[in-house]
Amino acid sequence: MTLDLSTLLAILAMAAATIFTRVGGLVLIRYVRIDERRQTAIEAIPPAVLMAVIAPTAFATGWAEALACAATAIASRRLPMLASVVVGVATVALLRTAGL
Amino acid sequence: MLQQSRPAGEFKAGMRAIFPLIVAVLPIGLVFGAVSATKGLSPLETTLMSALVFAGGSQFVAMDIWTHPASWMGAGFAALLVNIRHLLMSASIGTKMQSFAGIKRYIAMLFLADEIWAMAEFRAGTMRLTPAWYAGIVTPFYLAWVGSSLAGALLGAFLGDPAVIGLDFAFPAVFIVLVMGFWKGPETGAVLAASGIAAVAVHQFVPGVWHIAAGALAGLAMAFWKGRAREQAA
């Protein structure tokens, strides 16, 4: 159980940066008035950010990942979240085993 | 309309809602712990990072660029870049925290990981977001992340490659289910298309995590443009 000083400093710097980004938005909306158009934009944030996170996996990694993403999306229209995730994970495992 | 149950019930409902993500986060935490062990971090250092930073993406990026002795500027700047999306996310969820009195909003924000934020946004779409429900999703998720990081650091060498059984796909799968939940019609489709195209294009040509910022901004621009077109048509 060692704790190196430079490692501790690096961890604290990462924590400070993360706290800044997490609290920053909350401080921001205290000083910026939210009109209707800004509200529309704020509502677009969740799908836009999530899509940006998964897009490289879905469209630029390989066929197994792309098809598993499609299978997950289709499953999510009928099944609860955990079941849809299982469908996606099983699909990607099978396709990788098949060499895709 | 908005049924308000007791805090204990809200807390339990939150724990039930986060359960699939707990299942998804355990293997990721194990992998993070194992990776950090190969980079020479002690189990204590690994656990401290997971507990204080609590943002998986930036922790993996830090492991990518880790040196000995560690560079606090390098690690701090990488964390800032990877997590800059949290600014947008906290601005968005902050407008839905009417039930959070004063300092509670700020405390809640300290635990705003991607998965926590996405679940909270999803909840706020149908129900009033309460501090008890939020605590119900944060507590088990936080403990699972820190605990699985520690376990991965201790077990490290014994773990195989999680990609073989597709476990690395658990997070993208969860995010896809959440994206589908935000569908509100063709305008959502336009936002998703703009974000996806921009993210893939930037991912192809720019190393690092700029594709997340690019996709988010492209989606926002599309929402702005669609909103203005609707105003002019009216």
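How much of the chain over residues 81-99 of chain A is helix and how much is strand, and how far apart are the end C-alpha atoms? Over this stretch the chain is 89% helix and 0% strand, with the end C-alpha atoms 27 Å apart, where helices (H or I, at least four residues) and strands (E, at least two) are DSSP runs numbered from the N terminus. The structure is a predicted model, in which local features need pLDDT of at least 70 and side-chain atom pairs count only at pLDDT 80 or more, whereas totals for chains, interfaces and linings use all residues. Residues are numbered from 1 along each chain as its sequence is written, chains are lettered from A and ligands numbered from 1 in the order in which they are written, and side-chain values use heavy atoms, with hydrogens and water left out.

The stretch 81-99 is one of the segments that UniProt, in an unreviewed entry, annotates as "transmembrane region" in chain A, the others being residues 6-29 and 49-75; such positions are given in the numbering used here, with shortened feature names, and the annotations may be inferred rather than shown by experiment. Over residues 49-75 of chain A the chain is 93% helix and 0% strand, and its end C-alpha atoms are separated by 22 Å. The domain assignment of chain A, with bounds that come from an automatic or database assignment, gives domain 1 (1-31) and domain 2 (45-99), and the C-alpha centres of these two domains of chain A lie 31 Å apart.

Helix H3 of chain A (residues 63-75) comprises 13 residues and reaches 18 Å from its first C-alpha to its last, close to the 18 Å expected at 1.5 Å a residue, the expected span being 1.5 Å times one less than the number of residues. Its buried residues (under 20% relative accessible area, with exposed meaning over 50% and partly exposed in between, for a 1.4 Å probe and protein chains only) are Ala64(A), Glu65(A), Ala68(A), Cys69(A), Thr72(A), Ala73(A) and Ala75(A). Seen down the axis of H3(A), these buried residues fall within an arc of 165°, and they therefore line one face of the helix; the arc is that of the directions from the helix axis to the C-beta atoms. Trp63(A) and Ile74(A), on the other side of H3(A), are exposed. The buried residues of H3(A) pack against helix H2 (36-60) and helix H4 (81-97) of chain A, together with H9 of chain B, contact meaning heavy atoms within 4.5 Å. Ala60(A), which lies in helix H2 of chain A, is partly exposed with a relative accessible area of 31%, and it touches Ala55(A), Val200(B) and Gln204(B) when residues up to four places away in sequence are not counted.

In chain B, UniProt places the feature "transmembrane region" (unreviewed entry) at residues 17-35, 72-91, 132-158 and 165-185. Over residues 17-35 of chain B the chain is 100% helix and 0% strand, with end C-alpha atoms 29 Å apart, while over residues 72-91 of chain B the corresponding values are 95% helix, 0% strand and 27 Å. The domain assignment of chain B gives domain 1 (5-181) and domain 2 (183-233), with C-alpha centres 24 Å apart; the contact between them takes 8 residues from domain 1 of chain B and 7 residues from domain 2 of chain B.

The ring centres of Phe111(B) and Tyr142(B) are 5.5 Å apart and their planes stand at 85°, so the pair is edge-to-face. This pair links distant parts of the chain, 31 residues apart, with Phe111(B) in the loop between helix H6 (103-109) and helix H7 (114-124) of chain B and Tyr142(B) in helix H8 (residues 131-155) of chain B. Phe111(B) counts as partly exposed at 26% relative accessibility. For Phe122(B) and Phe182(B), the ring centres are 6.2 Å apart and the planes at 80°, so this pair is also edge-to-face. Phe122(B) lies in helix H7 of chain B and Phe182(B) in the loop between helix H9 (170-181) and helix H10 (186-205) of chain B, so the pair ties together parts 60 residues apart in sequence. Phe122(B) is partly exposed at 39% relative accessibility, whereas Phe182(B) is buried at 14%.

Phe54(B), Phe111(B), Phe141(B) and Tyr142(B) form one aromatic cluster. Phe54(B) is buried at 3% relative accessibility and has a positive phi of about 50° although it is not a glycine.

How values were computed: Phe/Tyr/Trp six-rings, centres within 6.5 Å; stacked < 30°, edge-to-face > 60°.
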